[in-house]
Amino acid sequence: MITIAETKDAGLLALLNEEVQTLHHNMHPAIFKPFNRDEIAKAFSSQLSDPACTAYIASNGETPVGYAVFLLKEPVENPFKFKRRTLYIDQVGVLENHRRAGVGRMLLSKAEQLASELSISTIELDHWTTNLNAASFFEKSGYVAYRKFLSKNIE
């Protein structure tokens with residue numbers, strides 16, 4: 001049985017992040033560093049100290065199988081944009097041998113629940129365009145593109 005629980009355990013998040021970090025490093029080695037558990041745990045610890053950050057662990061019985069990190073974003077109003085509150089899915093990952101078991105959907109549902117509790121009507125996320133599995137999963141989960149982020153390498 002899969003359960004979802006809030007966590008402040010940066011070490012456990014780092015451990016669960018290894019597959020995601022390695023995937024990103026393999027896809028974009030000039031951008032992403034190789035997985036370093038201690039450094040990733042420090043980064044998660046810093047992130048979790050921010051009250052705008054909430055993290056969850058998905059477990060199958062006693063075994064952690066996935067995680068998600070959500071950030072409350074509240075940019076100030078300016079002459080160009082209205083103030084708006086969004087919940088940003090900073091990270092979501094499910095261990096490979098537990099995919100297709102509904103864990104990812106449960107973590108996204110947790111984002112919807114948290115957004116509802118915070119009276120937030122918009123959840124945002126992004127993913128690397130080379131990560132076709134993530135793109136398919138998010139689209140099947142009802143997420144739609146509304147903005148593109150482009151880059152150009154100049155060598």
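## Briefing: sheet, helices and cores

In β2, the bridge partner of I2 is N60. β1 and β2 pair in the antiparallel sense, over six bridges; strands count as paired if DSSP finds at least two bridges between them. This is a predicted model, where local features need pLDDT of at least 70, side-chain atom pairs count only at pLDDT 80 or more, and totals for chains, interfaces and linings use all residues. Residues are numbered from 1 along each chain as its sequence is written, and side-chain values use heavy atoms, leaving out hydrogens and water.

**The sheet**

- Five strands make an open sheet of mixed pairing, in the order β1-β2-β3-β4-β5.
- Its edge strands are β1 (2-7) and β5, each pairing on one side only.
- Neighbouring strands are turned by 30 degrees against each other on average, with direction ignored.
- Strands (E, at least two residues) and helices (H or I, at least four) are DSSP runs, numbered from the N terminus.

**Helices on the sheet**

- Helix α1 (residues 10-27) lies across β1, β2, β3 and β4 and runs at about 95 degrees to β3.
- α3 packs on the sheet and touches β1, β2, β3, β4 and β5. Its direction makes about 160 degrees with that of β4.
- Angles run from 0 to 180 degrees between N-to-C directions, and axes are lines fitted to C-alpha atoms, for helices over the stretch in contact.

**Helix against helix**

- α1 and α2 (residues 37-48) pack at about 120 degrees, with axes 8 Å apart.
- On the α1 side, the contact (heavy atoms within 4.5 Å) includes A10, G11, L13 and A14. On the α2 side, R37, I40, A41 and F44 are among the residues involved.

**The nonpolar cores**

- A nonpolar core is a set of buried Ala, Val, Leu, Ile, Met, Phe, Trp, Tyr and Cys residues joined through side-chain atoms within 4.5 Å. Buried means under 20% relative accessible area (1.4 Å probe, protein chains only).
- The largest core has 21 residues. F70, L87, I89, V103, L107, I123 and Y143 have the most contacts inside it.
- β2 (53-60), β3 (63-73), β4 (86-94), α3 (103-117), β5 (123-125) and α4 (132-140) each supply at least two residues of this core.
- α3 gives the most, with six residues.
- Apart from this core lies another, of 17 residues, among them A14, A41, L48 and Y67.

Definitions and conventions:
Buried < 20%, exposed > 50% of the residue type's maximum accessible area, 1.4 Å probe, protein only.
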